[in-house]
Amino acid sequence: MSAASMTLFHAPASPFVRKVMVVLHETGQIDRVTLQSVNLTPVNPVAELNQGNPAGKIPALRLADGSVLHDSRVICEYLDQQHVGIALIPKEGWSRWHRLTLASLADAIMDAAVLTRYETFLRPQEMRWDSWIEAQQEKIRRGLASLEQEHMAELSSAFDIAAIGVACALGYLDLRMPDFGWREQQPQLATWYAQVSQRASMLATDPSA
């Protein structure tokens with residue numbers, strides 16, 4: 001077992017942090033990372049997190065030399081180049097851009113869900129913007145409908161960066177928006193998620209466990 005050489009700024013409920021954690025498990029690198037928990041909101045910055053990461057984003061990965069990578073997409077690509085197993089992100093060609101675009105759709109679902117969470121949980125009730133909440137939820141529904149109608153074969157083909165992102169997005173919906181009712185509208189996606197959610201990497205990173 002190798003000694004931890006990196007630090008991951010970590011909040012287990014964040015779907016973006018979970019995506020990085022799943023990649024660490026899937027690529028056998030979890031022992032290389034020390035987790036540093038942060039309690040972060042848009043109005044509660046963390047000074048140590050901001051060092052080398054002025055946007056104050058999580059996840060952020062501090063490398064052995066002290067440099068910091070931030071944004072889950074950047075961190076996942078870095079980690080995918082640090083192991084010798086099957087790549088989670090295709091190296092080149094159309095498959096690379098297609099899988100990254102599908103992963104971006106998963107990120108967009110996460111973004112909309114996190115923004116909904118901020119608006120409904122952090123903002124005082126009298127200041128909430130209902131039209132904003134509805135617009136974010138419609139983005140989620142469009143994204144899920146696209147996955148159901150156009151991408152099930154691709155998601156089922158490999159548990160790669162795209163599938164990991166979708167799984168983490170669905171897990172976040174279950175955690176923070178349990179009444180959203182996506183399974184009724186996307187039964188194929190629900191069946192797929194029931195299977196992949198039992199992977200060791202998903203069980204180990206389940207924020208509700």
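In what order do the 4 strands of the open sheet run? The order is β2-β1-β3-β4, and the pairing is mixed. Two strands count as paired if DSSP finds at least two bridges between them.

Before going on, a word on the source. This is a predicted model, in which local features need pLDDT of at least 70 and side-chain atom pairs count only at pLDDT 80 or more, while totals for chains, interfaces and linings use all residues. Residues are numbered from 1 along each chain as its sequence is written, and side-chain values use heavy atoms, with hydrogens and water left out.

Now the whole protein. It has 10 helices and 4 strands; these are DSSP runs, helices being H or I with at least four residues and strands E with at least two, numbered from the N terminus. The elements follow the order β-α-β-α-β-β-α-α-α-α-α-α-α-α from the N terminus on. The radius of gyration is 17 Å, close to the 17 Å that the globule rule gives for 209 residues, so the protein is as compact as a globular protein of that length. That radius is taken over C-alpha atoms, and the rule is 2.2 Å times the number of residues to the power 0.38.

Back to the sheet. Strands β1 (residues 6-10) and β3 (residues 60-62) run antiparallel and are joined by 3 bridges. In β3, R62 is the bridge partner of T7. Helix α1 (residues 15-26) lies across β1 and β2, at about 145 degrees to β1. Angles here run from 0 to 180 degrees between N-to-C directions, with axes being lines fitted to C-alpha atoms, for helices over the stretch in contact.

In the loop between α1 and β2 sits I30. Leaving out residues up to four places away in sequence, I30 touches M21, L24 and H25, where contact means heavy atoms within 4.5 Å.

Last, a helix pair. Helix α5 (residues 130-150) packs against helix α9 (residues 187-196) at an angle of about 85 degrees, with the axes 8 Å apart. The two are therefore roughly perpendicular to each other; that label covers 65 to 115 degrees, with under 35 roughly parallel, over 145 roughly antiparallel and the rest oblique. L144, L147 and E148 of α5 make the contact with P187, Q188 and L189 of α9.
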